Amino acid sequence: MQTAPTDHELLEIETLACDATANPWEREAGDADEAYHAYAAVMTPEAALRMVREIRRLRRAEAQLGMLRGVLQHLNTFLERRGLVAQAQRFVQVRDQLSRIHPDAFDAAGAHAESVHVSVA
């Protein structure tokens with residue numbers, strides 16, 4: 001299983017990358033060479049691959065969330081056209097209350113989806 005770069009690793013790489021690519025007037029020539037070599041030492045192929053994989057994973061998650069958002073917008077439009085928004089909101093509220101009163105009845109096997117909060121934009 002792949003692991004995403006930690007916040008510390010990302011900060012370290014970002015700091016070294018900024019130091020390695022700074023404008024020439026910000027430091028002497030020797031300092032720039034040292035900063036570049038320090039960056040190259042930390043930016044291993046494995047670290048680069050982990051970052052690329054994480055970026056791709058985040059892009060897939062973003063696409064999935066975009067599709068879900070579209071579905072929810074269509075649902076909201078459907079409910080608005082039929083005057084069912086208030087009923088849907090009340091259903092969600094009652095379901096949430098029941099899940100707190102009888103949590104056993106709403107276990108992972110019994111619940112089909114997370115609570116959906118319908119709102120009129």
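Good morning. The protein chain has four helices and zero strands, where helices (H or I, at least four residues) and strands (E, at least two) are DSSP runs, numbered from the N terminus. Along the sequence the pattern reads α-α-α-α.

This is a predicted model, in which local features need pLDDT of at least 70 and side-chain atom pairs count only at pLDDT 80 or more, while totals for chains, interfaces and linings use all residues. Residues are numbered from 1 along each chain as its sequence is written, and side-chain values use heavy atoms, with hydrogens and water left out.

To the chain as a whole. Of the 121 residues in the protein chain, 13% are buried; buried means under 20% relative accessible area, exposed over 50%, and partly exposed in between (1.4 Å probe, protein chains only). The accessible surface is about 9800 Å², with 58% belonging to carbon and sulfur atoms, by the Shrake-Rupley method with a 1.4 Å probe.

I turn now to helix 4. Helix 4 covers residues 85-101, 17 residues in total, and reaches 25 Å from its first C-alpha to its last, close to the 24 Å expected at 1.5 Å a residue; that expected span is 1.5 Å times one less than the number of residues.

Which residues of helix 4 are buried? They are Val85, Ala88, Val92, Arg95 and Asp96. Seen down the axis of helix 4, these buried residues fall within an arc of 100 degrees, so they line one face of the helix; the arc is that of the directions from the helix axis to the C-beta atoms. The buried residues of helix 4 pack against helix 3 (45-81), with contact meaning heavy atoms within 4.5 Å. On the other side of helix 4, Ala86, Gln87 and Ile101 are exposed.

Thank you.
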